[in-house]
Amino acid sequence: MEIEYRTIDKLNQSLLKEILKSPGSFVRAQEKYMQKEKTIPSHFVFGSAVDHMITEDVDFNDKFYVMGESAVSDTIKTIVDYVHDEFGPEEFIRKLEDCRDSIVRACSYVNYGQAWKEDTRINKVIEQGQNYFKDLAASAGKTIISSEDFSKAVVAHASMMSDPYMSKYLKPKESHMELVKKKVIEFEYDGIPMKCELDLVFINHKLNTITPIDVKTTGNTVYGFPYTVWKYRYDFQAAVYHFALEQAISGTNLNNYHINHFKWFVVEKESVNHPLIYKANSKVLEIGFKGGTLSNGKVLEGFYSAIERYKFHKNNDKWNYPMEYYGTTSSNPGEIILSV
């Protein structure tokens, strides 16, 4: 039985790159990661749904619950959400009419119908919110996705699977081609235990090549993805994943295989344009590893610097300021030298 990725107590690239912003950003990101539940934040649901359809063999309905269209107002939803959250998983079988006291508290919280009699408020909430409450109960332990976003995810998935350039990776037809989904790799760099989970790894046993692939969704045009790469430091991701793959194949029967440049499969939420494949060239990987200067003059740090910063803060248990401020690279602690 495979170990669930989240339960592996090792550093990942998503957390590590936060330290390039500040040690405080790293600490907050780590706290969120440790507290994060299995359900997915609403603004990531569409992307997670598409990712699941492409990279998972587990039935979609085992992890997601498609919420039907509802005419319920935002106020009633807020009240029902409040009532639902008051009860633990063992209470999910409750009916909304069994939660009268909780409804009263929720109505007071949002200032709903305070001029009405108590029974009137309760009955209106039950009448208008009971179907929504049933959906919440049925979705226990799953990620809720709206029917609208689910339909868009289906279209996005279909567009990627049918795309002539992507389909040769996503639907390998030759016996010498292998597609590995959700590849978990545990590795070490400079004494730091790390982990990563690659969406897809495409292996061509005839050409002796390995291609790491990540699925990305965007609410904007696919043609704007290059900007997104630097905004969210996907170059950093590509560099770490490339290094992890090198460690993973070392000493195995894939040891002599060549690791191709990292690829991102990008699809739009609205599917206005066809999905596109973006490939990280050597320069992108170099910036992800060692840092560098972009064409606009912006200077970025890479994986090596992030490890150095992490080790300093971890070893010294100092997280209030960046390591420069403690006097590690400047002449005086409590100062950061400005340069032109």
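Me: Before we start, how do you know which residues and atoms count here?

Reply: Residues are numbered from 1 along each chain as its sequence is written, and side-chain values use heavy atoms, with hydrogens and water left out. Since the model is predicted, local features need pLDDT of at least 70 and side-chain atom pairs count only at pLDDT 80 or more, while totals for chains, interfaces and linings use all residues.

Me: What makes something a helix or a strand, and how many of each does the protein have?

Reply: Both are DSSP runs numbered from the N terminus: helices are H or I with at least four residues, and strands are E with at least two. On that basis the protein has 13 helices and 10 strands. Its C-alpha atoms fill a box of roughly 70 × 60 × 40 Å, taken along the principal axes.

Me: Why is H313 called buried?

Reply: Buried means under 20% relative accessible area, exposed means over 50%, and partly exposed is in between (1.4 Å probe, protein chains only). H313 has a relative accessible area of 1%, so H313 is buried. You'll find H313 in helix α13 (residues 303-316). Leaving out residues up to four places away in sequence, H313 touches I19, P23, K318, W319, Y321, P322, M323 and Y326; a contact here means heavy atoms within 4.5 Å.

Me: And D235, why does that one count as buried?

Reply: D235 has 0% relative accessibility, so D235 counts as buried. This residue is in helix α11 (residues 234-249). Not counting residues up to four places away in sequence, D235 touches V229, W230, W264, V284, I287 and G288.

Me: What share of the 340 residues in the protein is buried?

Reply: Buried residues make up 44% of them. As for the surface, the protein exposes about 19,200 Å², and carbon and sulfur atoms supply 48% of that. Those areas come from the Shrake-Rupley method with a 1.4 Å probe; for residues, only the protein chains shown count as cover.

Me: Why is α11 called roughly perpendicular to α12?

Reply: The axes are lines fitted to C-alpha atoms, for helices over the stretch in contact, and angles run from 0 to 180 degrees between N-to-C directions. Helix α11 and helix α12 (residues 282-290) pack at an angle of about 85 degrees, with their axes 7 Å apart. That makes α11 roughly perpendicular to α12. D235, F236, A238, A239, H242 and F243 of α11 meet V284, L285, I287, G288 and F289 of α12. By class, this contact has eight nonpolar, two polar and one charged residues. For those classes, Ala, Val, Leu, Ile, Met, Phe, Trp, Tyr, Cys and Pro count as nonpolar, Asp, Glu, Lys and Arg as charged, and the others, Gly among them, as polar.

Me: What makes α3 oblique to α8?

Reply: The axes of helix α3 (residues 45-55) and helix α8 (residues 147-162) come within 9 Å and cross at roughly 40 degrees. That angle makes α3 oblique to α8. From α3, the contact uses F46, A49, V50, M53 and I54, and among the α8 partners are F150, A153 and H157. By class, the contact of α3 with α8 has 11 nonpolar, one polar and two charged residues.

Me: Why is Y223 called exposed, while D81 is called partly exposed?

Reply: Y223 has 54% relative accessibility, so Y223 counts as exposed. D81 has a relative accessible area of 28%, so D81 is partly exposed. Y223 lies in the loop between β5 and α10 (225-231) and touches N273, L276 and Y278, not counting residues up to four places away in sequence. D81 is found in helix α5 (residues 74-85); setting aside neighbours within four places in sequence, D81 is in contact with Y132 and L136.

Me: How do you know that S271 counts as partly exposed?

Reply: S271 has 25% relative accessibility, so S271 counts as partly exposed. S271 lies in the loop between β7 (263-268) and β8 (276-279). S271 also has a positive phi of about 50 degrees although it is not a glycine.

Conventions
Angles under 35 degrees count as roughly parallel, over 145 as roughly antiparallel, 65 to 115 as roughly perpendicular and the rest as oblique.
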